[in-house]
Amino acid sequence: MCGIVAYVGSSNAIPILLDGLNRLEYRGYDSAGIAVARAGGIDVRKAVGRIANLAAEIQKSPVSGTVGISHTRWATHGAVTRENAHPHTDKSGRLHLVHNGVIENYQTLREQLQERGHEFHSQTDTEVLAHLVGEAFDKGGARDSAALVEAVRAALRQVIGTYGISVVHADVPGMLVGARRGSPLVLGIGKHEHFLASDVSAIVSHTREVVYLNDYEIVALQADGFEISTLSGSGADFHVSTVEFDAGSVEKGKYPHYMLKEIHEQPNTVRDAMRGRLSAEEATAILGGLNMTNADLRAVDRIVLAGCGTAFHAALAGEYILESLAHIPVECEFASEFRYRNIPFQRDTLVFVISQSGETADTLAALRESRRKGHRTLGICNNVASTIARESDGGVYMHAGPEIGVAATKSFTSQLTIFVLLGLLLGRIRHLSHSDGLNIISELEKLPDLVARTIELETQVAAIAKKYAKANNFLFMGRQAHYPIALEGALKLKEISYISSSGYPSAELKHGVIALITEDTPSLFIAPQDAVFEKNISNIEEVKARRGPVIAIGTEGDTALAKICDDVILIPEAPHYLTPILATIPLQLLAYHIANELGCDVDKPRNLAKSVTVE
Ligand code: F6R
């Protein structure tokens, strides 16, 4: 969603800010803006649409300076207009502010400010914040950095909602202020320069030394130093971390799109999800991050998995994997529903929240609600510095590296891999024998190669994509653990190609879906050689009987599918708990190549944001 990049140092801020914004493009936005301090004042440039438009605006009417804030906006309050784009200013016009998050009581605050003579020029909640800080600063009298921090503190105390902000004031040159509550903000430490960003990937090309701010913290930064305090006014302890990845990990490299790069990374990312976590000696998985003893794990009699979007689909597949390997009842919940439901949980319920970004507002709220109820709540996250990673009682990191493509790909297969590890660990504490455990480990060790072989099907999948790219409607079907994979395939396609697509358990066909079958509606069946293969064949026959085109994903060596389907993609043979991972890959490639064929912006699909930090 929205992005923040800010800089204070001795270099020209403009290229640094624009480069940072470009690196945040993937998060989704619809307008952008910049405010740069110069002697005696601040210059602002804004543009609707792409960052290139903002760059063109700056070229038309150049600005320069060594201190600046910038923003990409994803509209929540008010239409996509220049006026609503950030930065916003206060009554004096000397303070400028960018904001991620939502100010829930902005309407009340706005009315109060209007009564005190403030005029507003946008429909945003953010403008209220700018006026509040400006008013507090002007009331204070002093025009120095301490006064600006105090003004930010005073303003934020009145606010209900979430924020990550950065503020610059013409009367306090050489200084920026940042603050966060519920919206990530990271401080980058350079040599005689400092950075602020909502996502570390925006600044990692300048520094890997960072401080992840906590909620209710305020940072004042200058070229030669920074100070972190809390909203209540006390000093804050902080920890300087080194970013795990380098600038190269957030580049496309030889690939035309991040999504394709990330699909191709999967042999490595599934390997990284398992690295150091398999013990042949104990024939089990070692997941120390869970912070639970075997006795604790043995006592678990129910598991709840919560997430949104792709992470929710991973949870649904995880349900099958955990139930079959560990024989523990599992339930999946949309995180957005979980937070408002009052589910009667047994005492020994273990809750996992699943989130690539670790910042999804609904998933974070589910985590907090579950912990509030006293359940041990663990996270399965990719972003190790995320709020979910920090607030959960423990968990498992994906170690998949930054995922930039808006459509989640490698994070999904990492999540599935982690569910197999969890199934192995919990199963070994229950009914799986030593040799069962060794068997699973040996299959897991083959997984990266099987994933690599599946990716080699790309040329074939691309040809199929070309054939069906003009379809207006697509159906995806599968049974058991492949039903969530069908959902995920449908989600990938609709997200990046805008083709209406939906996923179903194959047997649901007869209960209504079959009404959609026409000669122009392709159905994709995930039908590997498994216990329900024959059932899938019957469902395929039902579609073919109505002249519906069928693409099938089967197992290498299969000859039955080719006899009845229009197109067949054969993936390597694997045990039932790994096939969902392999079956996912052709679906990712299909969506990618269809979207590409249609000329869609694969990495930045319309209306979507990479990390959904508002409810
Ligand atoms: C789909 C997609 C979204 C995310 C969802 C949750 O391709 O990217 O559906 O999966 O917004 O995001 P995280 O995993 O970051 O919580």
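In this predicted model, helix 9 and helix 16 run roughly antiparallel to each other. Helix 9 covers residues 309-326 and helix 16 covers residues 482-497, and the two pack at an angle of about 165°. On the side of helix 9, the contact is made by Gly309, Thr310, His313, Leu316, Ala317 and Tyr320, while helix 16 contributes Pro484, Leu487, Glu488, Leu491 and Lys492. Sorted by class, this contact has six nonpolar, three polar and two charged residues.

Gln480 sits in the loop between strand 22 (473-478) and helix 16. Gln480 is not a glycine, yet its phi is positive, about 55°. Most residues other than glycine have a negative phi, and most peptide bonds are trans. With a relative accessible area of 46%, Gln480 is partly exposed. Another residue of this kind is Tyr216, a non-glycine whose phi is positive, near 65°. Tyr216 lies in the loop between strand 11 (209-212) and strand 12 (217-222), and at 40% relative accessibility Tyr216 counts as partly exposed.

Helix 4 (residues 126-140) and helix 5 (residues 145-156) pack at an angle of about 130°, with their axes 8 Å apart. These two helices are therefore oblique to each other, and helix 4 passes helix 5 in a right-handed crossing. Leu129, Leu132, Val133, Ala136 and Phe137 of helix 4 meet Ala147, Leu148, Ala151, Val152, Ala154, Ala155 and Leu156 of helix 5. What classes of residue make up the contact of helix 4 with helix 5? There are 12 nonpolar residues, with no polar and no charged ones.

Helix 4 also holds Thr126, which counts as buried at 1% relative accessibility. Setting aside residues up to four places away in sequence, Thr126 touches His86, His88, Leu97 and His99. One of these, His86, is joined to Pro87 by a cis peptide bond, with omega near 0°. Pro87 itself is found in the loop between strand 4 (67-73) and strand 5 (88-89).

Helix 7 (residues 266-274) brings the description to another part of the chain. Which residues of helix 7 are buried? They are Gln266, Pro267, Thr269, Val270, Ala273 and Met274. The elements covering them include helix 6 (258-264), strand 15 (278-279), helix 13 (410-429), helix 14 (434-455) and helix 19 (579-597). With helix 13, helix 7 packs at an angle of about 35°, and the axes are 9 Å apart. The crossing of this pair is right-handed. Gln266, Thr269, Val270, Ala273 and Met274 of helix 7 meet Lys410, Thr413, Ser414, Thr417, Ile418 and Leu421 of helix 13. The residues of this contact divide into five nonpolar, five polar and one charged. After helix 7 comes Gly276, with a positive phi near 70°.

Phe195 belongs to strand 10 (residues 194-197). Is Phe195 buried or exposed? Phe195 is buried, because its relative accessible area is 0% and buried means under 20%. Although Phe195 and Val5 are 190 residues apart along the chain, their C-alpha atoms are separated by 7.3 Å. Leaving aside neighbours within four places in sequence, the contacts of Phe195 are Ala6, Tyr7, Ile16, Val186, Leu187, Gly188, Gly190, Ile203, His206, Thr207 and Leu221. Ala55, in turn, is placed in helix 2 (residues 51-60) and is partly exposed, with a relative accessible area of 30%. Ala55 lies 37 residues from Leu18 in sequence, and the C-alpha to C-alpha distance between the two is 7.4 Å.

Finally, the domains give a view of the whole chain. The domain assignment lists domain 1 (3-250), domain 2 (252-448) and domain 3 (457-615). The C-alpha centres of domain 1 and domain 3 lie 43 Å apart. Between these two domains, 10 residues of domain 1 are in contact with 10 residues of domain 3.

Definitions and conventions:
Residues numbered from 1 in each chain as written. Predicted model: local features only at pLDDT ≥ 70, side-chain atom pairs only at ≥ 80, totals over all residues. Heavy atoms only, no water. Axes fitted to C-alpha atoms, helices over the stretch in contact; angles between N-to-C directions. Helix = DSSP H or I, 4+ residues; strand = E, 2+ residues; numbered from the N terminus. Parallel < 35°, antiparallel > 145°, perpendicular 65-115°, else oblique. Contact = heavy atoms within 4.5 Å. Nonpolar A, V, L, I, M, F, W, Y, C, P; charged D, E, K, R; others polar. Buried < 20%, exposed > 50% of the residue type's maximum accessible area, 1.4 Å probe, protein only. Domains from an automatic or database assignment. Left-handed = near helix turned anticlockwise from the far one by under 90°.
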